[in-house]
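Me: I would like to go through some contacts in a structure and ask what the terms rest on. Please show it.
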Amino acid sequence: MLFFDLGKVPGQQSMLVFHALARLGIEALVAVSPKSPLASIGYFQDAQQEVDLQYCREAGIPFMRREVGGGATYLDENQIFYQLIWKKDNPRFPKAIHEIYPWFSEAPVETYRTFGIQAEFRAVNDIITSSGRKIAGEGGGNIGDSMVFVGGILLDFDYQAMSKILKVPDEKFRDKVYKTMEENLTTMKRELGTLPPREEVVNVLKERFEKRVGKLMPASLTPEILEKMKQLESWMTSEEFLLKKTPRIQGGVKIREGVEVFYGLHKAKGGLIRTAEEISEGRIEDITISGDFTFYPKEGLMGLEESLEKTPLKKEKIIERVETFYEEEKVESPGVESEDFAQTILNPIMDSK
Amino acid sequence: MNIEGYEFPEGLYYDKNHFWARVEGDLVVMGMNDYAQKMAGSIVYVGLPPEGKKLVQGKSFTKIESGKWLGKVFAVMSGELVAVNEELEKKAKLINEDCYGKGWMFKIKPDNMDELKNLMTDPAVLQEWLKVEIAEHGKK
């Protein structure tokens, strides 16, 4: 198997390379970082619904639809992407998706451990630290007659930049996404207190992958590969491909497996209710409530938010918490009932299922 | 019939890409088989191409996503795509819930019904084939 250590390349090239290798049936491991920031969306995502295209244009951040699943993500030079490409009938490698992820994730997991970070694989496709924070997300797909497994080592991560590229309903929601990411997503720099040298990380990653895939032979991109990348670039950066309508319905923003931020919107008799809610393992972890309804006393709203923390996502449980809070705190909200809050919170979650 | 814990209803035709076919008048309905949907896990999206698309038996014509993995959907027959299951746009998980019923995927107007001969119907043949698939891909 070949090994392409590409270093830092122009943003879109870092993604085009694995699409090209897969189509050409070239089995390889690629280690690459985008020289300049890039937004990447999953194959089934609707770019206009999920990426703030105007912001991206103004900030000079190109975006790209990848032929791999998952959601929108922000890529920059502080992430080392590993892209493994193999022929789908290669008998040496697992074929079932539930086996592919843990099998190949051993290499990045061991890489993190080599640097002193106690990482482990968590189904379906995350790598987490011992404190449960995500430190790598992975994805894959069948492209041409090849299979592709991709992921990224997070040397560092720009949470602010990531939250800015997302299309969000309002700034409160953006802030919630940012805070939830900061709490649930970590990096080598955060864990170690220092940024490890890129080359050292790449070398360890290569060695660990070799234990799985056999000897990796250093290689350079050939004219054939470069030509294929060029061909793909014109298609993959065309408006037809980038802005194509997809069946994907915008749900929440997934931070890691089990943690998602949702935007709730519901028109009650007494006015519009909005929520930015962090859902963790089936419970409300944190919630911000706003809107144009009347709430007496106004300060009580923060108390309501706090009282809803840790509430299971069950209509009757939410109603019970809201009613208990109203009774205890003697608050009032004309035309807005406990059921309205339950609906606002649960609607986006139901829609995403 | 149940093969190794997976449902393979009799009367359907099965291809080696893990899709089934059912004849309905002059059309063929297709979907994913029980083994494949279980192996895929929770299916989140299916690409629904426009009706009228020309399909070739055994060739992929759209994609499907589960667990951040983007897989392919292969045509069980050559012909014209005449209907897609619109319900899958909102709830692709119907394939997991009822792969032979509400989770049907596409309807094809075949060019040649003789292509059904390329598909498996014999329980013994199916059983033998699935055993090999399980040996290679595992069970879930």
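Reply: Two strands pair if DSSP finds at least two bridges between them, and strands (E, at least two residues) and helices (H or I, at least four) are DSSP runs numbered from the N terminus. The model is predicted: local features need pLDDT of at least 70, side-chain atom pairs count only at pLDDT 80 or more, and totals for chains, interfaces and linings use all residues. Residues are numbered from 1 along each chain as its sequence is written, and chains are lettered from A and ligands numbered from 1 in the order in which they are written.

Me: How do you know that β9(A) pairs with strand β9 of chain B?
Reply: Two bridges join β9(A) to β9(B) (residues 69–74), and the cut-off is at least two. The strands run parallel. In β9(B), B:W69 is the bridge partner of A:G140.

Me: Why are α12(A) and α13(A) called oblique to each other?
Reply: The axes of α12(A) (residues 315–329) and α13(A) (residues 338–351) cross at roughly 135° and come within 8 Å. Axes are lines fitted to C-alpha atoms, for helices over the stretch in contact, with angles from 0 to 180 degrees between N-to-C directions. Under 35 degrees is roughly parallel, over 145 roughly antiparallel, 65 to 115 roughly perpendicular and the rest oblique; the two helices are therefore oblique.

Me: Which residues of α12(A) and α13(A) meet?
Reply: Among them are A:I318 and A:V322 in α12(A), and A:F341 and A:I345 in α13(A).

Technical notes. Contact = placed C-beta atoms within 7 Å.
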